[in-house]
Each structure stands twice: as structure tokens, then as C-alpha cells.
Amino acid sequence: MSIRTIAMGLLLCSPVCSLLAQNGLIKGSVKDEAGAPVNFANVILLAEKDSSLIRGMVTGTDGTFRLVLEPSDPPAFLRVSAMGFEDRYIARPLGDIGTIILTAATFQLDEVSVMGLQPLTRLTDDGIRVVVSGTYLAKTGTAFELLGKMPFVSCSGSRIEVLGKGAPAVYINGRQVRDQSELTRLSSSEIKAVEVVTTPGARYASTVNAVIRITTKASFGEGFSLSDQTTLGLKHYGYLFEQVNLNYRRRGLDLFGMLNYERYRERPRVDNATSYYLTSGVIEQSTTGGETVRYPVYEGKLGLNYKTGHHDLGFYYDFSLRPSESTGSSVASRYVNGAFRELLNNRDAVSRHNRQHLLSAYYSGVFGKWRLSANFDAMWQRNNRRAGEKDLSSVHPPRSFSTVNDVANRLLAGNAIMSFPVWQGDMRLGAEVSSIWRNDRYSGDADYILGNDNHIDETTTALFMEVGQKWGSVAVSGGLRWEYTDSRFYKFAELQPDQSRRYHNVAPSVSVSFPVGAVQAKFSYTRKTSRPAFEQLSSAVKYIDRYTYESGNPNLRPIYRDYLSLSSSWKDLVVELSYSSTKDYFMWQTVPYPGSSEATLLTRENMPRFSSYGIMLNYSPTFLGFWHPVWLFAITAQDFKLTHWGETLRLKSPIGVFRFNNAFRLPWDMWLNADLSARTSGNGDNARLKSCWACNVALYKSFADDAWSIKLQLNDLFATWRQEFTIYDALSRTSVNKISDTRDLTLTVRYNFNLARSRYGGRGVGNVEKSRF
């Protein structure tokens, strides 16, 4: 909640307040030298006598601000500041002071020493905010690499996870990131700040358990701009990423385009040892397999944004093509009641052809004290998979067959959000509607391959309300989100009433932020929902080997989670205690395959309610000069029970996570990063995880005021990061050892010419439904 909305709410209190506002109102706007609004600039009213704080606020997205002078206020001056700009001072301001122009700071690197005097990390009303611009974090490299250094955030491979909350929704300037590769294309030097929200409120979909908000720095200059990023990588092979951004800006018009190409390969290997407890006896199967995957990416984007006065609108079209080819083989030894039964050899060749079209548009406007934003998204996807498999057995005739899986998705979605001042804060009202159409066909050329033709029509309507109030240093916010989903499931064009669902979901949220001496604290509660992905609802039975099949479950119910957290910050230390209660969590489970005494079907089922606990500490001192360390320590634990081989198995061993990041400023403004991360063994969900650790090192150097930059990075220096775990369910136990090329050497070169980030202000809509595709 902003102080601007608090001040606007005070103006509505009474006729007396209105009279004071007329006589003691300071208003204006903040812009850069190119005339672009500077959002989130600090506007602070300070006493002339001793420069003590009277009150302050931050500018809105249009750069405007309004401050109320009280009759008891002493003579004062105004200080306007923003990261990357020189401060401006205005003596004894009153009334409409017009436009304040901020000048770009001449020596950006000096901000590193300035920021060393104050914490980079602080607790806000709804999250944890980390300053990036003007600090050593701006020299990290990509936005993805930067997120891995944020409090309570972990990045491994291509995954981003907020500890204890899973994958977050990531936003850049209010727009949700749909393609994670966008984070590898955004440079950390372009980022102003990052916020990590562990208890998102009602404005976010009920399925969002955590949010990361990225704010980029204000743009400079007009005319044509270009940025290019080239990454050369080496694992057991070489690979290439190439991405070009083009932009043309003239006054209120902003045209932008992007081309992206990736050429990547993987060769994962997996060793499995599985025990099945069936009526025919105990079956043990040891499998060793590997796969080679090649997948290029072709992507392009074209759009425009136009701003005039208090109105902003824009649209873009995005196209992506992701074909892939993979070949794999595995060898399995099968034992029944301790006696060798069979040797299985499986080979497959798979081709995929995935493409997507996305059209996104938005509008935002200010009407007096009211602010309106609206978004519309239309998306089309076609995902085709062709597979040929050979299954050889030492005791049965060989099998050779092919399968085809064609999936078509369509999404239409729109939302509207209105915000306005209320009393000592503000209120947001919003509505969202999404419509999904999905076809999923699966077939094979053998009689033991069960074909399916599934169709889903789903409509979701959501309404939400959020209210925030602030009294001095105490802030309170609350919200309520209501969602109604009507999902109709068809099998071979016939409606399946038992598998069609109607959901009514109410998701409340509340948070209270308050000081306790020098400590800032926040208490939060929220309820979240996770609906199954469409593939998890598919009734298609897919062939793995002659004794193992896999299927979705159309009867899956949504997951419900209740979160409680207590967060606090003191100087450079941030601490969070968390508790969650989870109902109907779905996990992979093994069940007997119909008509066979030895074959099994792997599917997902809802689990009984269980609880989880966590404590997380992040310490990032800023007073050590050229050395910038960050320590993160977290412990998560659960109280999870399941039935395994007829007995109750309790999985409650805690998991510890430790991270020690180091950034060293070397001569000639070079930066050396050495990051160590480790995880202890323990239980997560229905698995026992083994401990692992990794060390990453990187060297970064920029030239010509960041027009050029070079980064050399080596991930997993000692090749110690492993995925080893044991999974339990009612009828099986599987020990898994996944071996991947985690040691990765990359060289990234960036070039920026007259860099100007797009002003596109759309947030997207239907983002949760898109992720389920």
C-alpha cells in the first residue's frame, strides 16, 4: 500500500480535511530527461531545521504524486530521489509544483559504496524487497541468475523455487513472465529492485503460492535502441543462445520487437531400483537408462505501446516454435520373489513439434482518484508427439509399435481492476474471466495400446477485493477472492458427468505489518488452491514397458493450502517462520494394472491432510567494502503419513538448506562471484532425499558505461550436484539416481545501443490456466 493512496484517502475524510487540502496540498509529477514518467520515485518532505522526516510517498506508475501539508507542519523542503538519478530539492513547496525533471546520475558505480551504508534487503507491507540498481547485484549477469541470490529463493537447473512454497509467479514491471527464458535475456544491470512475496494476496490467483516482482530501471533516451546477447556454452557438447531486442521510441509511441534462437542438447541418465508388493509376490526391477535430446527454440515478438496523458495502451504478438528429437534406451532386470525372471530391453525415438501463438493487449488509465487497468489474452497451442518403440524380452516375443499424441489448446481471457483511495489507504476491486478449450488424442498401432480422445471445456470466473490501511508505521491489508470453475470433460465426444466438475472456491488473505523497536515484523495468513494440470486429468493410458503403464486421473480434486507466516527484519537480517496445512495433495501412486497380476499402473491420487513447518534466515551485511557475502539458512519439515506395504510410514525428517554467496570487487571494476549451496538429506512429500552440494564461480566485466559486458561462468565446479531419492507409495518403493551434465561452462557477451526498455504495461491474464497446458 502506498503513502500516496493514504494521503488521497485523508482528503475524503470531512469538509474540514477538504479545506486543509485546498490550502496545503503539494502535487506534481516526476519525469526523466526524455520526458518519461519515473515510477516509484521517493518524494520526501523534510523539516528545514534538522532535515527530519515529516512524511513521504512514492510516485505512481504515471510519475505523479500528492502530499498533504498539516497546519502543524514546520517549514520544510522537498527531496525527490530515484535509483540511477541525481536527487532534486525544492524549497518550501506548495500547490501544483508542475513537472520535476530528474537527471541521470553521472557515476553509477559510486552508488555501491553509498548502498553499503544501508541494508539492501528490507521487509515491506507484502514481501521482502532487495535493491539491485547501484549495488554489486547489478553485476550478477542475467535476471535468472540474480533471482538465485534473492532471500529464500533457490534456482537449480531451469527451476525457480521459493523455499517451502514451490515455483513462484514471476512478474516484470507488473507483467507475468510466461517464458522463463525471458529471465535469461534480461540483464541484472537493467533491474532496479526485486520483491519476494511469500504470502500473495487476493489480487493474485488462488493457485499462486509465491510471487517474485521485478522492477526495471527507468528508460533513457528516445529513437532507435538495440540489445544483443550471445551465450556460448559447453557441457559434453557446445551450445548457443542468441537473442536480439529492437526498440524505437518517439514521445508517447513505443515500438518493440524481439528475435530469439536457442540450440540446446541434454543427455540425462537414470538408474532405478523398484520393489513392487503385489498379490503375485514381491517383484524387483533394476533399470539403467539414458536419453539424448536436441531441442532448438525459435521465438519472435512484435508489439507497440502508446501513452498519452493519463492513458496507456498497447498490444503484442508472440510466436514460438519448439521442435525436439530424442532417442533413449534402457535395460532392466526383473526378479520375482528373489528369483531372476526376465531381462527387458527398451528403445525409443520421439519427435515433438510444439508451437504457440499469443496475442496480448492492455489498457490502463487514471480518472481523477480512480485507476483502471484491463488486460486481454488469446493463446493457441498445438503440441504433437510421435514415438516409435521397441520392447525386447528374454522370455517373450519382441514388441514394436508407434504412438501418436496430438494436443490442441485455446485460451481466451480478460480482466479488469479498479483501484481508488479509501480512508487511510486504498481499495482494489477486480474481475477475471477465462475460457479454455482443449483436445487431447492418444493412439497406437498395437492392441495393447489403449487409445483415447479427451476434450475439456472449462470456464473460470473470479472476483476479488483488497483493502489496505496504514496508521503511521502499522499497515493492515486484507482481501477475499472468489472463483467459480465449470469444467466439462468429454471422452470420445460423450460428456462424462462423473468426471466433470464445478468448483466454488473462496480464498481469504490478511497481513499486519508493525514495528517492535528496531525490528519490523509482519504476520500473514492466506489460503491457496492448486488445480491439476490438464495432462494430470487425462484418462489416456501410456505405455512405459510391458509391465508398467502411466495415466492421469480425471477424478483428481484440487489441493487446498492454508499458510501462516511471521516475518521480521532487523538491519541486514531477515527471518521468516512458516506453517502450512495441506489438503488433498496429489502424488504419484502405484496400483495394479487391470487384468494382470504383475503389471502396474502409475497414476496420481489425492492424499490425506498434512502439515509443514519452516524457518528461514537471510543475512546480507553491507559494511565489508569490496566483499559482499550473503548467508542463507533454512530448515523445512513435514508431518506426512502414508500406507506402504500395509503399514503406516511416517515421513517427517527435516531438510536443511544452506547457501553462502560471495561477490568480490576486483581491480579494474571486475567482479568475482563464488557461490556455495548445500542441501541435507530428509523427507519431502513421499520421498527421502539424499544430501548434495554445488559450487558456482563467475567473472564479470563491463565496458563503456555498461554498453558492453562479458561474463564467464562455471556452474557446479566439482560436479557434485545430484538428484538421488527414494519414493514410497502403497505398493512400491523406488530408488532413483538421476545423472545430468550439471557442470556447465558459459561465456555471455552483451551489447546495448541506446538501451530503452519497452514501456509495455500489460500484465497478461489467464496466466494460471496457461501454466496448466
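**Entry 1. The nonpolar cores**

The core holds 29 residues, of which L147, M150, L183, I191, V194, I212 and I214 touch the most other members. For burial I used relative accessible area: under 20% is buried, over 50% is exposed, and partly exposed lies in between (1.4 Å probe, protein chains only).

The most comes from α4, with four residues. Helices (H or I, at least four residues) and strands (E, at least two) are DSSP runs, numbered from the N terminus.

I next listed what I214 touches, where contact means heavy atoms within 4.5 Å. Leaving aside residues up to four places away in sequence, the contacts of I214 are L147, V170, Y171, I172, N173, L183, L186, I191, A193 and V194. I also noted a second, separate core of 18 residues, with A41, L69, A82 and I90 among them.

**Entry 2. Conventions**

I record that residues are numbered from 1 along each chain as its sequence is written, and that side-chain values use heavy atoms, with hydrogens and water left out. Since the model is predicted, local features need pLDDT of at least 70 and side-chain atom pairs count only at pLDDT 80 or more, while totals for chains, interfaces and linings use all residues.

**Entry 3. Strand β27 and its partners**

I followed β27 (residues 474-491) through its pairings; two strands pair if DSSP finds at least two bridges between them. With β26 (residues 452-471), β27 runs antiparallel over 18 bridges. In this pairing M465 faces L480 of β27. The two strands form a hairpin with two residues between them, and G472 in the turn has a positive phi of about 65°.

With β29 (residues 501-516), β27 is again antiparallel, joined by 13 bridges. Here R481 has A507 of β29 as its bridge partner.

The pairing of β27 with β28 (residues 494-495) is antiparallel over two bridges, and Y490 stands opposite L495. These strands also make a hairpin with two residues between them, where F492 in the turn has a positive phi of about 50°.

I checked T460, which lies in β26. Is T460 buried or exposed? T460 is buried, at 6% relative accessible area. The side chain of T460 makes a polar contact of 3.1 Å with that of T485. Such a contact is a pair of N or O atoms within 3.5 Å; within protein, one must be able to donate a hydrogen and the other to accept it, and residues adjacent in sequence count only if both atoms are side-chain atoms.

**Entry 4. Salt bridges**

I counted a salt bridge where a side-chain nitrogen of Lys or Arg is within 4 Å of a carboxyl oxygen of Asp or Glu. How many salt bridges result by this rule? The count comes to 23.

D486 meets R488 at 3.7 Å, N to O, and D486 also meets R502 at 3.7 Å. The pair of R502 in β29 and D486 in β27 ties together parts that are 16 residues apart in sequence. D486 is buried at 18%, R488 is partly exposed at 36%, and R502 is exposed at 54%.

I turned next to D562 and R527, whose closest N and O atoms are 3.4 Å apart in a salt bridge. Since D562 lies in β33 (residues 559-570) and R527 in β30 (residues 519-530), this pair ties together parts that are 35 residues apart in sequence. D562 is buried at 17%, whereas R527 is partly exposed at 23%. I also noted one network, in which salt bridges that share partners join R203, R428 and E466.

**Entry 5. A four-stranded sheet**

I traced an open sheet of four strands in the order β31-β32-β36-β35, with mixed pairing. Its edge strands, β31 (541-545) and β35 (586-592), each pair on one side only. The twist averages 30° from one strand to the next, with axes taken as lines fitted to C-alpha atoms (for helices over the stretch in contact) and angles running from 0 to 180 degrees between N-to-C directions.

β35 and β36 (residues 600-606) run antiparallel and are joined by seven bridges. Within this pairing I found V591 opposite L601 of β36.

How values were computed:
Core = buried A, V, L, I, M, F, W, Y, C linked by side-chain atoms within 4.5 Å.
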